[in-house]
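Let's take a friendly walk through this structure together. Keep the viewer open as you read.

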Amino acid sequence: MRHFLSALLLLSATAFAADGSQLLQQQCAQCHALSAPPQTSIDRLWSRKGPDLYYAGDKFQRNWLVAWLQAPVRIRPGGEFYRHHLKDGADGDAIDETTLTPHVKLDKDSAVAVADALLALHTPAPVESGAYKGAAVSATMGAMFFGKLRGCAACHQDAPGKGGMSGPELYTASSRLNADYVYSYIKHPQAFDAHVWMPDAGLGESDLQRLTGYLMQLKSGAKP
Amino acid sequence: MKRLIAHSALALCLSPLAVHAGSAHPQAERNYDTYCVQCHGVHRNGKGINAAHMSVQPRDHTDSKAMSDVPDDEMFKAIKEGGLAVNKSILMPVWGKVLSDAEIHELVAYLRETCKCGK
């Protein structure tokens, strides 16, 4: 009887995982890469419709994924790829909201299944496990480095409406992203995509720890 | 076929990608559109989507007079090593790990074309 129950449990888990994988293929694969592309290029950046997800298991936190997939809100103010969503504004370029489409919304069971399937996606590449040491960071110093001293705010927001729009907002990073991913991406964005429009600033270890700590300490939507 | 070509040409003209079509440096133009437009703007005038929140405004690459004051080697250094390397803002990032030296040289030539100013 015990063997029967174990087998049943295993069967259910397998079926569950298969559902998540199927949903990934059905709902996500049209816009997101679920496996590493043979090569990257600028043309690929221009043609892809959503961020790559083939390293989602290294990138995202499960609770955030499950919640966001049920009630998605825009992470990239300028969309993906930002260059496709620009128009002339009153004083320079502006985001053309009419070209941005809402993300697919899933029911709870599907969100759980998809989140688990996403978290099973890993690449041998580039997230350095244990790289972020977790030391407390002064919020004031962190904000100063994020803004004036290292220039991250040129493209990213650390509070709603505060900062640039060509990169993803980072005021929800602490609930959305894994700290080691944040560290590794800041350290070398081109390890994830050789052509991505976030530059490698060549930051040293103390900057990487400070900026990662600052972002991971930010409460979603709080003013830094 | 003629109609298809006409439609394609029209679409190209209407597309924001084609704002500076006809450059002698198409690869540099593509790089500019990918990396530089976020701050320097579709019209190359320093009014990109990120500019509004910046404490120091991105350079207007269509400003012939201001651009003519910047020698090629300084422009190359600013792109490759970032604003700080030429005593300008940290907000101009280091692109030397994304673009090769050859690509940056071509970008400098493209900027000369854009500003209509030689040096």
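Contact here means heavy atoms within 4.5 Å. This is a predicted model, in which local features need pLDDT of at least 70 and side-chain atom pairs count only at pLDDT 80 or more, while totals for chains, interfaces and linings use all residues. Residues are numbered from 1 along each chain as its sequence is written, chains are lettered from A and ligands numbered from 1 in the order in which they are written, and side-chain values use heavy atoms, with hydrogens and water left out.

Let's begin with chain B. Its secondary structure comes to five helices and zero strands, where helices (H or I, at least four residues) and strands (E, at least two) are DSSP runs, numbered from the N terminus. Read from the N terminus on, the elements follow the order α-α-α-α-α. Of the 119 residues in chain B, 41% are buried; buried means under 20% relative accessible area, exposed over 50%, and partly exposed in between, with a 1.4 Å probe and protein chains only. Among the contacts in chain B with a separation of 6 or more, 47% are accounted for by residues 24 or more positions apart.

B:Thr114 counts as buried because its relative accessibility is 11%. Setting aside neighbours within four places in sequence, B:Thr114 is in contact with B:Arg44, B:His61 and B:Thr62.

Next, look at B:Ser23, in the loop between helix H1 (2–14) and H2 of chain B. Is B:Ser23 buried or exposed? With a relative accessible area of 13%, B:Ser23 is buried. Its side chain makes a polar contact with the side chain of B:Glu113, at 2.6 Å. A polar contact is a pair of N or O atoms within 3.5 Å; within protein, one must be able to donate a hydrogen and the other to accept it, and residues adjacent in sequence count only if both atoms are side-chain atoms. A polar atom of the B:Ser23 side chain also lies 2.8 Å from the backbone nitrogen of B:His25. Not counting residues up to four places away in sequence, B:Ser23 touches B:Glu29, B:Tyr110 and B:Glu113.

Two residues of chain B deserve a backbone check. B:Asn87, in the loop between H4 and H5, has a positive phi of about 60 degrees although it is not a glycine. B:Asn87 counts as exposed because its relative accessibility is 74%. B:Lys116, in the segment after H5, has a positive phi of about 55 degrees and is likewise not a glycine. The relative accessible area of B:Lys116 is 71%, so B:Lys116 is exposed.

Now for the second largest pocket, which holds about 600 Å³ of space. On a 1 Å grid over the protein atoms alone, a pocket is an open set of points where a 1.4 Å probe fits, with protein on both sides within 12 Å along at least five of seven lines; lining residues have an atom within 4 Å of a point. Grid points are joined across faces, edges and corners, and a volume is the space filled by probe spheres set on the points. The lining has 30 residues, and B:His40, B:Arg59, B:His61, B:Ala78 and B:Met92 lie nearest the centre. Helix H2 (26–40), helix H4 (72–81) and helix H5 (101–115) of chain B each supply at least two lining residues, and the largest share, six residues, comes from H2(B).

Finally, turn to chain A. A:His156 is found in the loop between helix H6 (139–149) and strand S3 (157–159), and A:His156 is buried, with a relative accessible area of 11%. Its side chain reaches the backbone oxygen of A:Pro168 at 2.8 Å. Beyond neighbours within four places in sequence, the contacts of A:His156 include A:Phe146, A:Leu170 and A:Met198. Elsewhere in chain A, the peptide bond from A:Glu80 to A:Phe81 is cis, with omega near 5 degrees, and A:Phe81 lies in the loop between helix H4 (62–70) and strand S1 (86–89).
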